[in-house]
Amino acid sequence: MRKALAVGRKEFWQIVRDRRTLMILLFVPAFFLMLYGYALNWDIRHVRLAVMDREHTAESRELLSSFVNSTYFDIVASPGSMAEIEGLMNRGDTRVALVIPEGMTRDMRAGRVAYVQVLINGDNANTATAIFGYAQAVVRGVSAALQLQLVGGRDFAPPISVQPRIWYNPELQSTLFLVPGLIGFIVMISCVVSTSLSIVREKERGTWEQVRMSPIGTPTYVIGKTIPYFLISLASAFLIIGASMALFDLPVRGSWLLLLFAVSAFLIGALGTGLLVSTLVDTQVLAFLIGLLLSLLPTFVLSGFIFPIASMPVPIQYITYVVPARYFLVALRGIVLKGVGFGVVAPELLALGLYSFIVLGLASVRLAKERG
Amino acid sequence: MPAVTVRDLTRRFGAFLAVDRVSFEVETGEIFGFLGSNGAGKSTTIRMLCGLLKPSSGSALVGGIDVGRDPEAVKRRIGYMSQRFSLYELLTVEENITFFGGLYGLDDRALADRRAFVLDMAGLKGRERTLTRDLAGGWRQRLALGCAILHEPAILFLDEPTGGVDPVSRRQFWQLINQLSSKGVTVFVTTHYLDEAEHCHRLALMHTGRIAALGTVSELKGTFNARAVVEVRTASPMAALRALDDLPTVEKTSPFGTALHVWLRPGVRDTEPLQRRLEELGLAAESFEFVQPSLEDVFMDVVAREERAAV
């Protein structure tokens, strides 16, 4: 233990003096958080809308003001022809156009179904889907109100009405959903890369050989070496959780102790992955590439960070079982957004523990082999 | 009891025989040199003696302990310093000492004592807080030596310790090694600097995994006693070398610095035919001189003999 502490102290001095490592551990996470936190946002507001109103009746004006009042749309143009709409769309001046055809009011008053046309730029499928949803909601709302007026009775109400309540994220801010994923993503990358670099660097410089000549077991050395990385990464993780609370209004509804526990379990798995990488390669360049590849892609694509796992093809869903961030994200979202207790996230914590156990086991086997 | 006893030590890497049935003994307090070109098997032998590599067969007792059986116990008793001065460059002088003391499990009191000793020995008093990166080569080398003897090992292994260090620092380094040896520390050193080998009490010349010659420096040079070596200085040494090589009284020739060394056949002392041949060709020699063979001569000769034997 004394020896492990000596190693840990030495490693800590090295990290503090080596600006590159310190950057990877502290500032790169904060930088990523700002960059992605503001850039990754699916909420669409103030969509530029072009309106071609052929009616100019009370009903058509009511429809238009509902679009504006929803705050999702800003009317930026009033084209007079389809050709003009096409021009606006092609130049990117508008993303969506609303066409109120002649006869809409007449049809409505006559109790027939009236049609309005919504033209959406589909070059970005996600945005188009969202705009379509907003437009439909606005039209449906106006349509229900007008129907009531037509029937003429104040006492009439639609037979069934939905009263939605969105829990945990009432305003459906995508940031709240994304930030926990972002935390996992950042912590994973900085941990895997910095740990794998630290050991491979010693191999390159020859200090690894010197240490192996001394009476310290490889496990003791590795434990000593990971202690400072664990502590610094833990501090860094809580730093970005704090920053997310300040910048993105991330609530932490659950217990901080449970959060500490979940973050620690995830960190140990990430450090183990870095260790495993360092036992497989002998140059820093290769360690950096493999570490990045192993941490970045799976955590980004296969963890449920951006793409829901449930909508992936089944074989790929199986692959996600070996991505530790998958479990961490479920646990983290549960703890910070829902405020769930230990009982609920226990399966995820268990999975993280199992992952750590396996990678650390593999790394020890590899290290033992190196002793020749 | 000898400090190191090696019997038929062998190490294979697949089909390649890196060390082939090597046997020797090193006495306590002796400075024992291991000489050989790259790939001769020096490093593999040292790594086995230090407990890093398991021998394929044969045995080695280091400080009375069998390295094949208990490598960890061997590591506690030896010090090791390698060609690359494996210090941590981002650590200060003091931090490096503290770290290596910690690796060997020194307690605080022992560490304080040894730290003072090492700082004094390496001439680093007052520079405790300098980053190792900023030290000049000679200081760095002495600090590396200091870190290797923090735990007062009975046997010290130096693996090509003076590469890339200026001559003055090298001499200071060898003074330190001699002091250690006089206090009873056994020093086992590998080198391919032949002038350095002259500091050793005894030398083993290694070639293709075997010990080709073993003895004191003067014993090894003595193997040349039967033959005379003439150092010839001339304006065009390469032409002279070719001209002298096929004389019947000459065994062989080799370049030596800007001069040539000419080995005469056993019993021959006469340099007349050499001078005549050079005059015939208009390659007047500036000087003709009988010289003591250098270790380099011995080494080249041993290698050549081994290679002839292998054919």
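Two strands are taken to pair if DSSP finds at least two bridges between them. Helices (H or I, at least four residues) and strands (E, at least two) are DSSP runs, numbered from the N terminus. The structure is a predicted model, in which local features need pLDDT of at least 70, side-chain atom pairs count only at pLDDT 80 or more, and totals for chains, interfaces and linings use all residues. Residues are numbered from 1 along each chain as its sequence is written, while chains are lettered from A and ligands numbered from 1 in the order in which they are written.

Chain B contains eleven helices and 14 strands. Its C-alpha atoms fill a box of roughly 75 × 45 × 35 Å along the principal axes. Of the 311 residues in chain B, 41% are buried. A residue counts as buried if 20 or more other C-beta atoms lie within 10 Å of its own, as exposed if 12 or fewer do, and as partly exposed in between, with C-beta atoms placed from the backbone. Two residues are in contact if their C-beta atoms, placed from the backbone, lie within 7 Å. Among contacts in chain B between residues at least 6 apart in sequence, 69% join residues at least 24 apart.

Strand β4(B) has two pairings to report. Strand β1 (residues 4-13) of chain B pairs with β4 (residues 57-62) of chain B in the antiparallel sense, over five bridges. Within this pairing, Thr10(B) has Ser57(B) as its bridge partner in β4(B). Strand β5 (residues 65-66) of chain B is joined to β4(B) by two bridges, and the two run antiparallel. Here Val62(B) stands opposite Ile65(B). The hairpin of β4(B) and β5(B) has two residues between the strands, and Gly63(B) takes a positive phi near 60° in this hairpin.

An open sheet of six strands in chain B has the order β6-β7-β8-β3-β9-β10. Its pairing is mixed. The edge strands are β6 (78-81) and β10 (210-216) of chain B, each of which pairs on one side only. From one strand to the next, the twist averages 15°. Strands β6(B) and β7(B) (residues 155-159) run parallel and are joined by four bridges. Gly79(B) has Leu156(B) as its bridge partner in β7(B).

Helices lie across strands of this chain. Axes are lines fitted to C-alpha atoms, for helices over the stretch in contact, and angles run from 0 to 180 degrees between N-to-C directions. Helix α6 (residues 167-182) of chain B lies across β3 (31-35), β7 and β8 (186-191), and runs at about 145° to β8(B). Helix α11 (residues 295-310) of chain B lies across β3, β9 (202-207) and β10, and runs at about 40° to β9(B). Gln175(B) is placed in helix α6 of chain B. With 11 C-beta neighbours inside 10 Å, Gln175(B) counts as exposed. Its C-alpha atom is separated by 9.7 Å from that of His199(B), 24 residues apart along the chain.

In chain A, α1(A) packs with helix α9 (residues 218-248) at an angle of about 45°, with the axes 7 Å apart. The two helices are therefore oblique to each other. Angles under 35 degrees count as roughly parallel, over 145 as roughly antiparallel, 65 to 115 as roughly perpendicular and the rest as oblique. The crossing of α1(A) and α9(A) is right-handed. A crossing is right-handed if the near helix is turned clockwise from the far one by less than a right angle, and left-handed if anticlockwise. Residues making the contact include Leu5(A), Phe12(A) and Ile15(A) of α1(A) and Tyr221(A), Ile227(A) and Ile232(A) of α9(A). By class, this contact has ten nonpolar, three polar and three charged residues. Ala, Val, Leu, Ile, Met, Phe, Trp, Tyr, Cys and Pro count as nonpolar, Asp, Glu, Lys and Arg as charged, and the others, Gly among them, as polar.

Most residues other than glycine have a negative phi. Thr71(A), not a glycine, has a positive phi of about 65°. Thr71(A) is found in the loop between α3 (58-69) and β2 (73-77) of chain A. It is exposed, with 10 other C-beta atoms within 10 Å. Asp249(A) has a positive phi near 55°. Asp249(A) lies in the loop between α9 and α10 (256-280) of chain A. With 12 C-beta neighbours inside 10 Å, Asp249(A) counts as exposed.

The contact between the chains takes 19 residues from chain A and 20 residues from chain B. On the side of chain A that touches chain B, α1 (2-17) and α8 (207-212) each supply at least two residues. The largest share, seven residues, comes from α1(A). The residues of this side divide into six nonpolar, six polar and seven charged.
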